[in-house]
Amino acid sequence: MKRVAVVVGGTRGIGKAIADRLVECGEFRVGVLGRSVEKSIVIESEDSIRAKCDATSLDEVGRAMNAVEKHFGEVNGERGVHVLINAAGVNHDGVMASMNETQMDRIVRTNLLGPMHSCKVFSRLALKHRIQSGSIVNIGSVIGSIGNVGQCVYSASKSGLQGLTKSLAKELGSRNIRVNLLEPGYIDIGMTSELDPDYANEVKMKTCLQRLGTVEDVSNFAMFLVRPESEYVTGQILRVDGGLS
Ligand code: NDP
């Protein structure tokens with residue numbers, strides 16, 4: 001029986017790479033959520049569907065995750081969602097004095113409130129369908145742990161995921177549902193792809209491994225966290241940052 005996974009923010013970048021790996025490994029049926037999905041539900045294959053969803057709206061997240069669960073529940077003959085990857089995220093660089101209310105609101109609503117919405121919906125579905133094991137992987141950022149000039153709001157939104165992860169791990173542990181926070185360093189994809197080359201070099205030199213991360217570095221670790229190999233790992237903040245921190 002294939003397990004069901006939902007990737008919020010799986011239409012591009014790191015989230016897409018993780019969603020692709022989940023499908024390719026043959027163990028999961030995957031629902032990809034994002035704003036850029038053309039219709040409420042798009043069926044791509046037996047193991048992959050996409051659902052339109054803005055993570056900042058609890059209503060939309062509820063509707064999309066329930067639609068994915070129902071669709072695969074009918075194919076699988078067993079209900080429930082077993083894996084949740086929270087990869088949706090936005091950034092806007094600027095020193096604190098320059099940030100306006102709209103920018104701050106958008107970052108916090110997407111990066112922190114968004115994962116709260118999907119964790120809430122996931123938890124309710126897990127309890128309702130009495131799933132026997134599960135794994136939530138929140139994608140934070142090393143900046144949430146170490147801070148950075150020009151990223152006060154982004155950093156705060158990501159460090160908020162530390163409290164969410166640790167508390168939810170305590171709430172769901174007795175149900176054998178694990179919750180971990182994966183904090184990537186600078187990864188050569190998505191929101192980092194337009195880094196100024198001089199700054200990118202500076203970052204590389206600050207890592208022990210003297211390179212930026214690849215999307216495979218992150219997806220390898222996410223796959224470990226959703227698989228039974230990590231069945232005694234929960235409530236942890238795990239960095240994939242080449243030693244930057
Ligand atoms: P991208 O910009 O490439 O992708 C962002 C993803 O988030 C897209 O799939 C986008 O989908 C989705 N998204 C954004 N806003 C919303 C929303 N309101 N509702 C639903 N989905 C949304 O970014 P990355 O791949 O670079 O980043 C992915 C995650 O990894 C983020 O959380 C980021 O903070 C984190 N990260 C990235 C690092 C990097 O170096 N790239 C480093 C550390 C952390 P759509 O447009 O379809 O809504």
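## Residues around the ligand

Of the 30 residues around the ligand, those that come nearest are Arg-12, Arg-35, Ser-36, Tyr-154 and Thr-192; a residue counts as near if one of its heavy atoms lies within 4 Å of the molecule. This is a predicted model, in which local features need pLDDT of at least 70 and side-chain atom pairs count only at pLDDT 80 or more, while totals for chains, interfaces and linings use all residues. Residues are numbered from 1 along each chain as its sequence is written, and side-chain values use heavy atoms, with hydrogens and water left out.

By class, the shell around the ligand holds 13 nonpolar, 13 polar and 4 charged residues. Asp, Glu, Lys and Arg count as charged, Ala, Val, Leu, Ile, Met, Phe, Trp, Tyr, Cys and Pro as nonpolar, and the others, Gly among them, as polar.

## Polar contacts and cover

The side chain of Thr-11 has an N or O atom 2.8 Å from an oxygen atom of the ligand. In the side chain of Asp-54, an N or O atom is 2.9 Å from a ligand nitrogen atom. Ala-55 uses its backbone: an N or O atom there lies 2.8 Å from a nitrogen atom of the ligand.

On its own the ligand has 880 Å² of accessible area, and the protein covers 95% of it (Shrake-Rupley method, 1.4 Å probe). Two or more residues of the shell come from each of α1 (13-24) and α5 (152-172).

## A strand pair

Strands β3 (residues 41-45) and β4 (residues 48-52) run antiparallel and are joined by 4 bridges; two strands pair if DSSP finds at least two bridges between them. Helices (H or I, at least four residues) and strands (E, at least two) are DSSP runs, numbered from the N terminus.

The two strands form a hairpin with 2 residues between them. Ile-43 stands opposite Ile-49 in β4.

Conventions. A polar contact is a pair of N or O atoms within 3.5 Å; within protein, one must be able to donate a hydrogen and the other to accept it, and residues adjacent in sequence count only if both atoms are side-chain atoms.
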